[in-house]
Amino acid sequence: MADPKQRMARLAQATAHFTPGSPIDSLDLFAGRIEQVSDILGAFHSRGQHVALYGERGVGKTSIANILADALAARAGSTRPTSVRIGCTSGNKYQDLWVSILKKLGIEHDKYEELQPENVRAHLEALDYPTLIVIDEFDRLSDVDTSTLFADTIKLLSDEPTHATILLVGVGDSIDDLVEDHKSVARALRQVRIPRMAPHELEEILKTGTKAVGLKVTESQLEQIASLSEGLPHYTHALGLYAVQRAIEDDRDEMANSDIETAKTLSVRKAQHTIITAYNKATRSAHQDVLFDKVLLACALARKDELGMFAARNVAGPLSTIMGKQFDIPAFARHLKQFSGEERGNILQRHGEERRFFYRFDDPMMQPYIILNGLSNHLIDDATLREIKEAAAQES
């Protein structure tokens, strides 16, 4: 039996490797995303190229941005800093952002100087080594002039290159969503879409963390946690952390299936308050027999395209399996309509036109929560979940 100090050391290792509450900030803890990181590094070493990193909320864009400094240093064989990062808020202006960037780069300028694309480029000419400037949450900028000036800056730096490469990071389905009305800048950007993580990438996160704490885990356990994560690394980190903590508390060196059951329950109980509140608003009903929670679970399990979109017909199969009898679209059409309206918190976005509507979750982080909640509250069991997922895979 391990002494208390050894157990605490293992628990500390677990919290270092599994970080559901924050993005990864060290290359040593990063797993997967080789293709996307390689695309960014390729642009970094192509003079005049800049990058737009975009994708759903929760897919790990900020984690990729955070580890780029280590990746660049590793490729260069040097520990010399080659990356700076700033995060945007809705109230940021062009002047304030570039004052912060230049300060982080160690570039001095007149504090009364009005920064515009031309003199920003002139300041960046002072850099004598390749530098990556990461501008995170770029989509949060609400000032149109600031977005326009950034677009002009990137176009100028593409036409007249310096040693600086700009990386824009933000939520969006396409580069057009990220740069909005400034589509001409897209020609100056290498567009890197970050999809949800593949199961083998999520399993790599688990393997790295369990190995660090000396815990054996089976292939089926890895597959189960990766499947429940629905491609979102936050849930892999959360489920992995809670399962590993349970095993360590029991002083074991092998993960048990019961550890994963505990992890499911804790992932629901410790979910973000906004997720819990939104779910409750969407499913609340004064009548026991109303289908809102079951229909929403069927939406979470419906087959989706690469943008997370699904049609009403994709909901019918999962709902029928959950309820144990056939359900056709008219039986739940009003539920989908209400999920897409203020009454139930717009938990779904609705796109398209009458009789050809497509839906997706407004917050992608909601989808795995709904499935885990369904398991915890016995709306569905593991066998039924596998049956529905296998049927969805056959539809593809």
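Biologist: At roughly what angle do the axes of helix α8 (residues 199–212) and helix α9 (residues 219–229) cross?
Modeller: This is a predicted model, in which local features need pLDDT of at least 70 and side-chain atom pairs count only at pLDDT 80 or more, whereas totals for chains, interfaces and linings use all residues. Residues are numbered from 1 along each chain as its sequence is written, and side-chain values use heavy atoms, with hydrogens and water left out. Helices (H or I, at least four residues) and strands (E, at least two) are DSSP runs numbered from the N terminus, and axes are lines fitted to C-alpha atoms, for helices over the stretch in contact, with angles from 0 to 180 degrees between N-to-C directions. The axes of α8 and α9 come within 9 Å, and the crossing angle is roughly 120°.

Biologist: Which term describes the orientation of α8 and α9 to each other?
Modeller: Angles under 35 degrees count as roughly parallel, over 145 as roughly antiparallel, 65 to 115 as roughly perpendicular and the rest as oblique. The angle between α8 and α9 is roughly 120°. The two helices are therefore oblique.

Biologist: Is the crossing of α8 over α9 left-handed or right-handed?
Modeller: A crossing is left-handed if the near helix is turned anticlockwise from the far one by less than a right angle, and right-handed if clockwise. The crossing in which α8 passes α9 is right-handed.

Biologist: Which helices do the buried residues of α8 pack against?
Modeller: Buried means under 20% relative accessible area, exposed over 50% and partly exposed in between (1.4 Å probe, protein chains only). In α8 the buried residues are Glu-201, Leu-202, Glu-203, Ile-205, Leu-206, Gly-209 and Thr-210. The helices they pack against are α1 (4–17), α9 and α10 (233–249).

Biologist: How many polar residues are in the contact of α9 with α10?
Modeller: The axes of α9 and α10 lie 8 Å apart at an angle of about 135°, and the two helices are therefore oblique to each other. Ile-225, Leu-228 and Ser-229 of α9 make the contact with Tyr-235, Thr-236 and Leu-239 of α10. By class there are 4 nonpolar residues, no charged ones, and polar residues numbering 2.

Biologist: Is Glu-230 buried or exposed?
Modeller: Glu-230 sits in the loop between α9 and α10. Leaving aside neighbours within four places in sequence, Glu-230 contacts Arg-196, Gln-367, Pro-368, Ile-371 and Lys-389. Because its relative accessibility is 19%, Glu-230 counts as buried.

Biologist: What is the relative accessible area of Met-255?
Modeller: Met-255 is in the loop between α10 and α11 (257–269). Beyond four places in sequence, Met-255 touches Thr-210, Leu-215, Lys-216, Val-217, Gln-221, Ala-243, Val-244 and Ile-260. Met-255 is buried, and its relative accessible area is 8%.

Biologist: How far does α11 reach from its first C-alpha to its last?
Modeller: The expected span of a helix is 1.5 Å times one less than its number of residues. With 13 residues, α11 has an expected span of 18 Å, and the modelled reach is close to this, at 19 Å.

Biologist: Which helices are included in what covers the buried residues of α11?
Modeller: The buried residues of α11 are Asp-259, Ile-260, Ala-263, Lys-264, Leu-266, Ser-267 and Val-268. Their cover includes α9, α10, α12 (273–283), α16 (366–376) and α17 (382–395).

Biologist: What is the phi of Asp-251?
Modeller: Asp-251 lies in the loop between α10 and α11. Asp-251 is partly exposed, with a relative accessible area of 24%. Its phi is positive in a residue other than glycine, with a value near 60°.

Biologist: How many nonpolar residues are in the contact of α12 with α16?
Modeller: The axes come within 11 Å and cross at roughly 70°, and α12 and α16 are therefore roughly perpendicular to each other. Ile-275, Ile-276, Ala-278 and Tyr-279 of α12 meet Met-366, Tyr-369, Ile-370 and Asn-373 of α16. This contact has no charged residues, 1 polar residue, and nonpolar residues numbering 7.

Key
Contact means heavy atoms within 4.5 Å. Ala, Val, Leu, Ile, Met, Phe, Trp, Tyr, Cys and Pro count as nonpolar, Asp, Glu, Lys and Arg as charged, and the others, Gly among them, as polar.
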